[in-house]
Amino acid sequence: MNTFHLPDLGEGLTEAEIVRWLVKVGDVVAVDTPIAEVETAKSIVELPCPYAGVIEELHGEPGTTVPVGKPLITVGDPDGAAYRAEERAGSGNVLVGYGTSESSAAGRRRRPRVSGTNVAPAAEKVPETRVPLVISPLVRRLARDAEVDLRTLTGSGPDGLIVRRDVELAIAHRLQTESAPAAPAPAAAVPAATVPAAAQPAAPGSSVARAALPQPSVVQSAESRTGLAELRRTPMSGFRKAVIATLSRSRAEIPEATTWVDVDATALVELRESLRSATDPGPGLLALMARFVVAGLLRYPELSGYVDTEREELVQYDGVNLGLAAQTDRGLMVPAVAGAHALTTRGLDAEIRRLTASARDGRLTQQELTCGTFTLNNYGSFGVDGSAAIINHPQVAILGVGRIIDRPWVVDGELAIRKLTQLSLVFDHRVCDGGTAAAFLRFVADAFENPASAFADL
């Protein structure tokens with residue numbers, strides 16, 4: 001047999017969360033067959049199988065976090081396909097974990113593990129006619145911590161497989177029956193009436209309370225500093241851990257500074273409208289902004305480089321990969337338009353639309369998420385005027401664009417209503433001084449205010 005371990009997915013990531021399996025135990029796969037979708041670094045990535053053969057075991061179920069280097073699947077001899085079909089007839093679709101049903105034949109079939117964590121207490125007699133069907137290690141642990149007898153459950157999975165949801169429902173049912181007023185409350189618990197019975201976890205701090213329920217766990221203990229009961233605790237996803245690591249490192253390492261300017265974007269908005277027709281929507285406003293940002297970075301390449309702290313060198317790239325902040329259901333993602341300096345405005349627009357759609361569908365590649373050299377953040381879409389953003393490490397600068405709204409503005413000595421926005425540049429003071437940062441910001445601002453003139457020079 002061959003065991004495929006979760007590979008290093010780059011950028012210092014140490015774990016990934018299984019989103020869904022694309023195969024099941026007993027399937028015959030070829031080399032490079034997609035076997036699972038995992039979420040990491042803000043994206044969902046399909047993992048191909050490096051082996052050909054029969055899927056013998058899936059090491060985890062959807063929602064499980066797997067550390068890099070730990071087993072993901074086990075693949076057996078492809079000649080065992082017929083055998084596996086027979087085995088599945090006895091033990092059901094082994095979607096997760098290990099173990100087989102009582103009716104499984106001897107020979108190559110696995111035997112139940114015997115360890116201190118999986119053996120029932122000596123006082124309990126396990127009926128020989130009722131053996132729990134194919135339970136994953138996670139489900140075993142959940143049931144053990146909550147003192148749920150797996151022999152009493154009827155599995156809702158394929159062929160009667162007991163899955164995590166079955167154990168959770170058993171826990172919820174027991175909590176409902178035990179919520180009578182006469183029952184004493186746990187020492188650190190608030191009255192049961194303040195928390196829906198079905199949502200109450202087992203003991204706070206146990207694995208049941210931490211990870212078992214699909215919704216954020218309800219925490220009953222009072223927090224000593226405030227005297228208030230905690231409403232809930234939500235485990236951090238792999239995506240959130242990656243965001244925290246990146247932003248924390250940015251704050252810890254980068255001596256950042258911020259400069260900003262108010263910009264009359266009336267001409268930019270008018271240019272956008274002039275490019276629209278009945279048959280061609282034309283490049284979007286963000287694509288026009290991106291075109292001028294890229295032009296500014298080609299003129300001031302230090303803002304699109306990075307700091308090599310090990311060699312104590314400032315590095316500049318021959319080109320620009322423009323990162324674009326995109327808000328999705330999974331959080332804020334920053335995919336990058338690779339080679340943005342070589343694209344026309346229409347080309348930029350097409351790539352921006354493609355990346356935005358991929359981000360919302362969770363289909364961005366690791367390369368698209370990590371190749372950026374500078375970030376453009378259009379936070380005006382959230383209805384705010386300005387923000388002091390955090391640099392997306394290891395990049396050294398980020399430009400934010402606020403909302404475009406009508407405001408009074410002096411034009412040729414006369415008060416007029418114009419479409420104004422605010423540009424804010426956060427930069428790493430190690431790569432340049434304020435003069436360079438201000439010059440870049442002014443270049444972009446002037447292009448926003450006089451786009452036709454700027455295009456003539458591009």
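The protein has 11 helices and 19 strands. Keep in mind that this is a predicted model. Of its 458 residues, 44% are buried. The accessible surface comes to about 23,300 Å², and carbon and sulfur atoms account for 53% of that. As for contacts, take those between residues at least 6 apart in sequence: 62% of them join residues at least 24 apart.

Now to the aromatic rings. How many aromatic pairs does the count come to? The count is four.

Start with Phe-292 and Phe-448. Their ring centres are 6.4 Å apart and the planes make an angle of 55°, a tilted pair. For the assignment as a pair, the cut-off is 6.5 Å between centres, and tilted covers what falls between stacked, under 30 degrees, and edge-to-face, over 60. Phe-292 and Phe-448 are both buried.

The other pair is Phe-292 with Phe-455. This one is tilted too, with 5.0 Å centre to centre and 55° between the planes. Which parts of the chain does it tie together? Phe-292 belongs to helix α7 and Phe-455 to helix α11, residues 451-456, so the pair joins parts that are 163 residues apart in sequence.

Are the two partners buried or exposed? Phe-292 has a relative accessible area of 1%, so this residue counts as buried, since the limit for that label is under 20%. Phe-455, at 26%, is partly exposed. Put together, the ring pairs link Phe-292, Phe-448 and Phe-455 into a cluster.

One more residue belongs in this picture, and that is Thr-345. Where does Thr-345 lie? Thr-345 is in helix α8, which covers residues 345-361. Its relative accessible area is 13%, and because of that Thr-345 is classed as buried. Leaving aside residues up to four places away in sequence, Thr-345 touches Pro-283, Ala-287, Leu-288, Arg-291 and Phe-455. So on the list of contacts we meet Phe-455 again, the partly exposed member of the ring cluster.

Definitions and conventions. Residues numbered from 1 in each chain as written. Predicted model: local features only at pLDDT ≥ 70, side-chain atom pairs only at ≥ 80, totals over all residues. Heavy atoms only, no water. Helix = DSSP H or I, 4+ residues; strand = E, 2+ residues; numbered from the N terminus. Buried < 20%, exposed > 50% of the residue type's maximum accessible area, 1.4 Å probe, protein only. Contact = heavy atoms within 4.5 Å. Areas by Shrake-Rupley, 256 points an atom, 1.4 Å probe, with all protein chains shown as cover. Phe/Tyr/Trp six-rings, centres within 6.5 Å; stacked < 30°, edge-to-face > 60°.
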